[in-house]
Amino acid sequence: MMIEREANLLLVWLLGESNGGTQALVDAEPFWYPPGDDGLVALIDYLRGEGMVHNTELCASGTVCSLTAHGVAEAERLIADRDSPRIRLDHAINGLVAAAMENYPTTRLELIDFLCSMRMAVLDETLEVAEVFRAVEYLEANGIVAVDFRSPQTVRAVTLTTLGIECGFKDPISVRNFLNDQRQPGIRNEWNITVNGGAPQMGQGNTQNNTFGYDPQQLTQFAREVLAAAHSADVPEEVRTRVVADVEELQAELATAAPDSGRVRQLAERVLQSARANLPALGWTGVAQWVSASLGIPLF
């Protein structure tokens, strides 16, 4: 709702004007344009109804107020969300899909139109262009958009895939939730192990001679998840580049006509080790657990 967005902006502005306290009386008139408009009073009434400000009649205009403890906490939460790399990336990801759906049925979105739109706003700031490009990479890696490149390094436009359109029809749009729902439940933790040269057994407490029989679909999904986590994680750029390079090498081997199982295992181990070391917020899904069990490498 528009009033909620404007109320959030006012709340954060009041926090700055009151130095983060509840004692200061602040006239909110400078926040609003044009002066004297009833919209500001409506916003203050809304925040007062939510228990976030105390209003006072000391000013005839009714625009003098002070924050409550609840208001301070909510403003600080909004600022923390605004500054969170993951939440900012989600904002860009969901915003791109929503903007493309406005052009349905073509769903083609010129990136310059998005960069110049209000969808770039994150509370009282705007997204960085680099954050938008990372969002495009995430959407492409997960099959939500097809990318039209102006040059090898420059994205001109994106178009939603069939999967992306299905995601765009959800209300509200949450790409991450949609992708999680798409993933098949159930994990097949089956691998052949010869224990001390004897009978095949299952378990992790034995000396194992493991024959790596991999599921290409599971490994492909694992690669996508690590790639998406690398693009969204708050890590140094050199770390991101290294993880992405490892994943892309695994993806390239899986895409060959006859992948070499030994090389697939080697690359999968490298990706798992790299992700474990550099992406602690990956959120180790069932697919990651399957890869970990298959390789005999603990996640933690």
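The protein contains twelve helices and ten strands; here helices (H or I, at least four residues) and strands (E, at least two) are DSSP runs, numbered from the N terminus. This is a predicted model, in which local features need pLDDT of at least 70 and side-chain atom pairs count only at pLDDT 80 or more, while totals for chains, interfaces and linings use all residues. Residues are numbered from 1 along each chain as its sequence is written, and side-chain values use heavy atoms, with hydrogens and water left out.

Two totals describe the fold as a whole. Of the 300 residues of the protein, 43% count as buried; a residue is called buried under 20% relative accessible area, exposed over 50%, and partly exposed in between (1.4 Å probe, protein chains only). Among contacts with a separation of 6 or more, 56% are made by residues 24 or more positions apart, a contact being heavy atoms within 4.5 Å.

The packing of helices comes next. Two packed helices are described by the angle between their axes and the distance between the axes. Helix 1 and helix 2 (residues 38-49) pack at an angle of about 85 degrees, and their axes are 10 Å apart. Helix 1 is therefore roughly perpendicular to helix 2. For such values, axes are lines fitted to C-alpha atoms, for helices over the stretch in contact, and angles run from 0 to 180 degrees between N-to-C directions. Angles under 35 degrees count as roughly parallel, over 145 as roughly antiparallel, 65 to 115 as roughly perpendicular and the rest as oblique. On the side of helix 1, the residues that meet helix 2 are I3, E4, E6, A7, L10 and L11, and their partners in helix 2 are L40, A42, L43, I44, Y46 and L47. By class, the residues of this contact are ten nonpolar, no polar and two charged. In this scheme Ala, Val, Leu, Ile, Met, Phe, Trp, Tyr, Cys and Pro count as nonpolar, Asp, Glu, Lys and Arg as charged, and the others, Gly among them, as polar.

Rolling a probe the size of a water molecule over the atoms shows where empty space is left. On a 1 Å grid over the protein atoms alone, a pocket is an open set of points where a 1.4 Å probe fits, with protein on both sides within 12 Å along at least five of seven lines, and lining residues have an atom within 4 Å of a point. The largest pocket holds about 850 Å³ of space, where grid points are joined across faces, edges and corners and the volume is the space filled by probe spheres set on the points. Its lining consists of 22 residues, and R5, N8, H91, A121 and L123 lie nearest the centre. At least two lining residues come from each of helix 1 (2-17), helix 3 (69-83), helix 4 (85-101) and strand 5 (121-122). Helix 4 gives the most, with six residues. The lining has eleven nonpolar, four polar and seven charged residues.

L123 has a further feature of note: its phi is near 60 degrees, a positive value in a residue other than glycine. L123 sits in the loop between strand 5 and strand 6 (125-126). T126 belongs to strand 6 and, leaving aside neighbours within four places in sequence, is in contact with R88, M120 and A121. N19, likewise not a glycine, has a positive phi of about 55 degrees. N19 lies in the loop between helix 1 and strand 1 and is exposed, with a relative accessible area of 73%.

Two loops hold cis peptide bonds. One joins Y33 and P34, with omega about 5 degrees; P34 is in the loop between strand 1 (26-27) and helix 2. Another joins D171 and P172, with omega about 0 degrees; P172 is in the loop between helix 7 (162-168) and helix 8 (175-182).

D246 counts as buried at 12% relative accessibility. Not counting residues up to four places away in sequence, D246 touches R270, V271 and S274. V247 is also found in helix 10 and is buried, with a relative accessible area of 1%. With the same exclusion of residues up to four places away in sequence, V247 touches A223, V226, L227 and V271.
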